[in-house]
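Please study the sequence and the model before reading each solution.

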Amino acid sequence: MSAELLNVTNLVKNFELRVNNGARRKKRIVQAVTNVSFSLGKGETLGLVGESGSGKTTVGRCVLRLIEPTSGSVEFEGQDLGSLKFEELRALRRKMQIVFQDPFASLDPKMTVGASISEPLIVQGVPGDHTDKVIELLELVGLSADHAQRFPHEFSGGQRQRIGVARALALNPALIILDEPVSALDVSIQAGVVNLFEDLQSRLGMSYIFIAHDLSVVRHIADRVAVMYLGKIVEIGEQEAVYEHPTHPYTKALLSAVPLPDPKTERARTRIMLEGDVPSPVNPPSGCRFRTRCWKAQDVCAQEEPMLTVRPSGQMSACHFPES
Amino acid sequence: MTEKVLEIRDLHVTFDTPAGPLEAVRGLDLDVSAGELLGVVGESGSGKSVTFLATMGLLPVRARVTGSVLLAGEQLIGASAKQMRSVRGRTLSMIFQDPLSALNPVHRIGVQISEMLRSHQDLSASEADKRAVELLDIVGIPQPSDRARQYPHEFSGGMRQRVVIAIAIANNPKVLIADEPTTALDVTVQAQILEVIERVQERFGTAVVLITHDLGVIARVADRVNVMYAGRNVEQGTIDSLFDHPSHPYTRGLLASLPRPGKQRLKPITGFPPNMLNPPSGCAFHTRCEFAADICKNELPNLVGFGDLLTACVRARELPKSESFA
C-alpha cells in the first residue's frame with residue numbers, strides 16, 4: 001500500500017434530537033458515529049458497509065466536512081481538516097468530491113449537463129473557457145460531446161449517474177466518496193457504472209470510499225472493507241479476509257443474509273437468522289452494541305466494550321468471542 | 001400438472017399520456033400454479049408491477065386493460081367494482097414495498113386485521129380480534145396480544161411488513177402477490193420476511209407471486225421464475241433450469257452482469273431499457289442484444305418450449321450454449 005491519503009481518528013458525530021412530546025420538550029442525542037478510525041491509501045478503495053442507521057453515510061459526510069464532526073480528527077494529505085480556516089478548507093475541497101445515490105435529485109433540472117459539469121470549475125475559480133474540459137470529462141465517463149447541451153431529463157438513470165461522476169472528476173480529486181452510487185440503478189446498468197469506477201481509478205489513481213449496503217458490489221470493487229453497526233466499525237480489513245473469514249458475528253450474519261444468485265448454493269447454505277431489528281442509536285446497548293441480537297452474547301458483552309483486535313486472518317474485529 | 005390458480009392471457013395495459021399512448025404490458029401470458037412460489041423479475045419499466053395491479057383491479061380508470069385474467073376460473077378483466085371488492089383480500093391479496101403507507105396510522109393494528117376478516121367473513125368482533133392475534137403470531141410478532149393494541153408507528157419496518165402480511169393472509173387467499181416486499185428493508189430483516197413468506201406458503205398452501213429485481217432473492221425462495229422485459233414475458237422455467245442454462249439473451253445478460261466472488265470484470269448489458277412510448281419493433285431487446293439479426297427487428301417472438309424452459313427468442317435454437325450460473 002502506498003502513502004496514506006486519509007487518516008480518520010476517533011470520529012464522533014452526535015445529532016441532537018428535539019422530541020416534542022405534547023407539552024414537554026426533551027432533548028435527546030442520536031449517537032450516529034462513535035469512535036470510528038480508519039485510514040485510506042492513495043489509489044485504494046475502502047468499502048463501507050452496514051445496514052440503515054449504521055452511520056456509514058454520516059462518516060462520509062464528516063470526512064468531507066459537509067457536516068461538522070462532534071469530535072475526532074480527519075487528516076487529509078497530512079492536514080487536519082478541523083484546524084483549517086474556511087478558505088483553506090475550501091481550497092482543499094477540490095481534492096475531495098462526492099457522488100450521491102440518486103442521480104435524479106443530484107442534478108439541477110434547469111441546468112444543461114455542460115453547465116452542471118463546469119460548475120465546480122467556476123466555483124473554484126479555474127480560469128478560462130471550460131468547453132474543452134467538459135467534452136473531455138463527458139468522454140471520460142462514456143458520454144459524448146453533444147450531450148453537453150442537453151438537460152438531465154433527457155438521460156436515463158445510468159447516464160445521469162455518469163454525469164454526476166463527470167462533475168466529481170472536474171477538479172481532478174484525490175478522493176471521491178461514492179455514497180450508494182449504483183443502488184438506484186437497474187441491475188443491467190449497475191455493472192457498467194461499476195466498471196467505469198474501476199477504469200477511472202486505474203487511469204487517474206484516485207482513492208474511493210465506496211458506501212453501500214449491497215455486499216456483493218462492495219466485494220467486487222473494494223480493496224479493504226469496514227463493516228459498521230450502530231455507529232461503530234465492528235470489523236475492518238482486506239476484502240478477502242473479511243468475506244472469506246468473517247470474525248465478527250455480525251459480519252458473519254450479514255454475509256449469510258445476502259441472497260446469492262445461485263439456487264444450488266442457496267439451498268446448501270446455512271443461514272444465521274438474526275432476531276429483531278437494529279436498536280435505536282438514541283439509546284444504544286451498553287458494552288458491545290450488537291449483543292442484543294448476538295447468539296454468542298455473554299454477561300461480559302453487556303459490561304465491557306470490545307476493542308478492535310487483530311485476528312489470525314489479518315483483519316481487525318471488535319468482539320469478545322470472535323469466530324475462528 | 002398441478003391446478004392453475006391464476007391464468008393471465010394476452011394481457012395488454014395502455015396508459016394515455018400527454019406524449020401519446022404508452023403500452024406498459026404488451027401481450028403477457030403467465031400462469032401461477034396452486035401453492036407455488038413464482039418469482040417475477042424485470043427491471044424498472046418492464047411492466048411487472050402494472051401486470052399485477054391490473055390483476056388486482058387497482059389501476060386508475062384511465063388505464064386501458066384488455067385480455068384475460070382467470071383467478072380460479074373467475075374472469076377478473078371487466079369485472080364489476082363490487083365483484084373485485086369481494087375478490088380482493090379474500091381470494092387474492094397483494095402486499096407492497098412500503099408497509100407504512102399500506103397501514104392506517106390512526107387505527108390499532110388488531111383493528112386493521114379484524115376489519116379485513118369481518119369484511120369477508122361472518123365473524124363476531126371478539127372472534128375476529130382473537131383471530132387477529134393468532135395471525136400476528138403466525139407472522140412471527142412477539143407478544144401478539146399486546147402488539148395488536150399498538151399503532152403502526154410503534155412498529156419497525158420489518159414488523160410493519162409482517163403486519164401487512166398478516167392482513168393479506170387473513171382470509172386465506174389462494175394467491176398472494178408480493179411486490180418488492182423486501183426492497184425497503186435491510187438485508188438481515190429481508191431474510192426474516194422471506195422466511196415468513198415461505199412459511200405462509202407452506203403452511204396454508206398459498207400460491208405466492210414474488211415480484212423483485214433481485215435475482216438473489218429469486219434463487220433463495222422461488223420455485224419457478226418469469227423474466228419480463230418491455231411488457232412481455234421473455235423467459236420462464238424452474239429456477240434450476242433458468243440459472244443453469246438461461247436461453248434468452250436478456251436472461252443471460254442479467255445473470256452475467258451480477259458481481260460474483262473473484263475479481264473478473266463485470267459484463268454489463270449494453271444500451272439502456274427501451275422508452276415504452278416508442279418501443280423497438282419486433283423483439284424489444286434487439287437493440288441491446290449481442291445476438292440480434294435482421295429477423296429480430298421484424299418478428300415479435302412468442303414463448304416457445306426450449307428444453308425445459310419457455311423462451312421468447314426466434315434465435316434461441318441457434319445460439320451458443322450459455323455458461324451456467326448455478
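**Exercise 1.** In which loop of chain A does Arg94(A) lie?

*Solution.* This is a predicted model, in which local features need pLDDT of at least 70, side-chain atom pairs count only at pLDDT 80 or more, and totals for chains, interfaces and linings use all residues. Residues are numbered from 1 along each chain as its sequence is written, chains are lettered from A in the order in which they are written, and side-chain values use heavy atoms, without hydrogens and water.

Step 1. Arg94(A) is located in the loop between helix H2 (86-93) and strand S6 (96-99) of chain A; helices (H or I, at least four residues) and strands (E, at least two) are DSSP runs, numbered from the N terminus.

Step 2. Arg94(A) counts as partly exposed because its relative accessibility is 31%, where buried means under 20%, exposed over 50%, and partly exposed in between (1.4 Å probe, protein chains only).

Step 3. Leaving aside residues up to four places away in sequence, Arg94(A) touches Gln124(A), Val126(A), Leu171(A) and Pro173(A), contact meaning heavy atoms within 4.5 Å.

**Exercise 2.** State how many residues each chain gives to the contact, and describe one salt bridge.

*Solution.* Step 1. Chain B gives 43 residues and chain A gives 41 residues.

Step 1. Across the interface of chain B and chain A there are 3 salt bridges, each a side-chain nitrogen of Lys or Arg within 4 Å of a carboxyl oxygen of Asp or Glu.

Step 2. Arg267(A) forms a salt bridge with Asp240(B), with the closest N and O atoms 2.6 Å apart.
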